[in-house]
Amino acid sequence: MTGADGTNVLFVVLDTVRKDHLSAYGYDEPTTPTLEAFAEEAAVFEHAVAPAPWTLPVHASLFTGLYPSEHEATQEDPYLDGATTLAESLSSAGYDTACYSSNAWITPYTNLTAGFDDHDNFFQIMPSELLSGPLARIWQTMNDSDTLRGVADRMVQLGNKFHEYFASEGGGDTKTPAVIDKTMDFIDDSENFFTFINLMDAHLPYHPPEEYVEQFAPGVDSTEVCQNSKEFNCGARDIDDAEWDDIEGLYDAEIRHIDDQLDRLFTHLKETGQWEETMVVVVADHGELHGEHDLYGHEFCIYDPLVNVPCMVKHPEIEPERDDETVVELVDLYHSVLDATGVAGDGVSLDSARSLLSTEYREFAGETPNGAGAHGPRGDVGFVEYHQPVVELRQLEGKASAAGISLETASRFYSRMGAARSPEGKYIHCTRIPDEAYRIDSDPGETEDRAGGDDELLADLEAELRDFVDRVDADWPDEADGTDGEVLDSMDDDAKDRLKDLGYID
């Protein structure tokens with residue numbers, strides 16, 4: 001090995017898991033007994049802030065230490081390009097690296113698997129081998145072309161059509177047991193490892209194994225509840241309180257299944273003598289809304305159930321305690337892993353002020369100039385960016401159109417958003433609707449909008465957000481146009497017919 005101290009790293013992302021549904025965070029349902037036990041050995045952070053409310057930009061930030069406007073992996077350009085990843089740095093330092101997931105965004109065609117010696121997406125639509133080869137190259141070519149970029153979006157829409165089918169039919173078995181099996185095999189064959197896994201069970205659709213349904217949602221048929229967030233969000237489908245209860249019961253059942261699978265993995269590490277020498281990170285990339293703010297899923301907003309995520313870290317140099325004061329930005333985990341492994345970083349360099357292992361964590365010294373990993377002078381603020389959700393918007397428009405509903409363009413659906421959040425408050429800037437501001441300390445549900453008032457703390461957060469936008473050189477148009485271009489206009493009929501045959505367009 002070169003430049004590494006031998007500390008192993010297991011990095012677990014609980015995809016779409018909101019903090020307040022974990023018993024490890026005080027939830028009154030027994031969803032996470034494994035993580036409750038893990039919390040006795042780990043630092044448990046109450047104020048972890050995700051840099052975005054969905055998978056692609058969050059994982060790109062985890063892997064690069066950059067904010068979304070810096071790495072530019074968004075739905076407008078849905079792949080990571082030109083940035084050195086954490087896996088690439090650790091691999092070059094001698095680590096064995098692996099990434100296992102069933103999330104369609106964490107694949108070679110988005111470049112998120114760059115640097116991983118072994119990876120498998122367990123994707124039920126297309127095998128990893130296909131996504132690792134020609135399609136990965138075609139994807140980037142398409143996104144580099146203004147004409148073809150919309151076609152790439154439609155490829156994602158095709159996957160979502162399959163996703164809708166499985167949602168309505170109850171299909172698509174969990175891939176988590178297979179992910180855990182492969183993870184255990186990989187770490188057993190590795191001398192020093194960095195293993196990253198993303199567990200997708202808590203992402204829509206919710207079809208948990210029957211034993212967990214019996215515990216958390218007895219009598220609920222998962223094919224009978226609303227599993228399509230766009231139908232609800234556009235107004236084509238109502239959900240009453242009883243159905244929300246059923247949905248949340250299924251959601252809790254999925255979380256408990258994940259937790260039991262983590263028990264298998266953690267127990268294996270302990271039984272094979274690898275637990276003590278392994279840094280373990282457990283975090284969600286984002287959460288989920290179940291009717292709060294009249295929204296379902298994790299699109300079109302950046303409220304706390306989406307961006308204030310669970311974050312738990314075990315390492316000998318991190319005090320195992322509950323921390324309800326420190327802001328942790330998920331971009332900091334990049335630096336924490338570099339610090340734990342003794343690797344400087346071939347891309348964004350290790351910043352000790354962003355490492356959880358450092359005694360000077362988030363003690364930023366003055367203003368930081370524009371550039372990679374920029375941050376403000378205050379360590380108690382986390383930042384969130386939400387670019388245009390092109391694919392989700394197209395699906396929303398389709399559901400609305402089918403129901404005879406016209407969406408208002410001056411709405412959150414077409415708005416780009418950003419937020420500055422501290423333990424006490426949050427300021428949200430939007431492009432097509434009025435800004436919002438909340439006192440998190442007294443109003444954790446974000447129900448009383450105080451934007452435009454005389455609250456000094458919220459005014460400071462607004463200033464912090466605007467400074468952040470300048471530092472990361474974010475492109476904030478006066479109005480987000482909410483479109484992916486009229487990419488089909490220039491295509492002849494034969495080309496359009498071929499796309500219809502392939503299912504990319506209707």
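1. Residues S61, L62, F63 and T64 of helix α2 are in contact with V331, L333 and Y334 of helix α13, where contact means heavy atoms within 4.5 Å. By class, the residues of this α2-α13 contact are five nonpolar, two polar and no charged. Ala, Val, Leu, Ile, Met, Phe, Trp, Tyr, Cys and Pro count as nonpolar, Asp, Glu, Lys and Arg as charged, and the others, Gly among them, as polar.

2. The model is predicted: local features need pLDDT of at least 70 and side-chain atom pairs count only at pLDDT 80 or more, while totals for chains, interfaces and linings use all residues. Residues are numbered from 1 along each chain as its sequence is written, and side-chain values use heavy atoms, with hydrogens and water left out.

3. The axes of α2 (residues 55-64) and α13 (residues 331-341) come within 6 Å and cross at roughly 30°. Therefore α2 is roughly parallel to α13 (angles under 35 degrees count as roughly parallel, over 145 as roughly antiparallel, 65 to 115 as roughly perpendicular and the rest as oblique). Axes are lines fitted to C-alpha atoms, for helices over the stretch in contact, and angles run from 0 to 180 degrees between N-to-C directions. Helices (H or I, at least four residues) and strands (E, at least two) are DSSP runs, numbered from the N terminus.

4. In α13, 10 of the 11 residues are buried, so this helix is largely enclosed by the rest of the structure. Buried means under 20% relative accessible area, exposed over 50%, partly exposed in between (1.4 Å probe, protein chains only). Among the buried residues of α13 are D332, H335 and S336. Just after the helix, G342 has a positive phi of about 75°.

5. An open sheet of eight strands has the order β4-β3-β5-β1-β6-β9-β2-β10, with mixed pairing; two strands pair if DSSP finds at least two bridges between them. β4 (118-120) and β10 (322-329) are the edge strands, each with a single partner, so one side of each has no neighbour in the sheet. On average, neighbouring strands are turned by 15° against each other, direction ignored.

6. Within the sheet, β1 (residues 8-14) and β5 (residues 193-199) run parallel and are joined by six bridges. V13 has N198 in β5 as its bridge partner.

7. Helix α11 (residues 241-271) touches β1, β5 and β6 (278-283), and its direction makes about 175° with that of β1. α13 lies across β1, β5, β6, β9 (308-314) and β10, at about 175° to β6.
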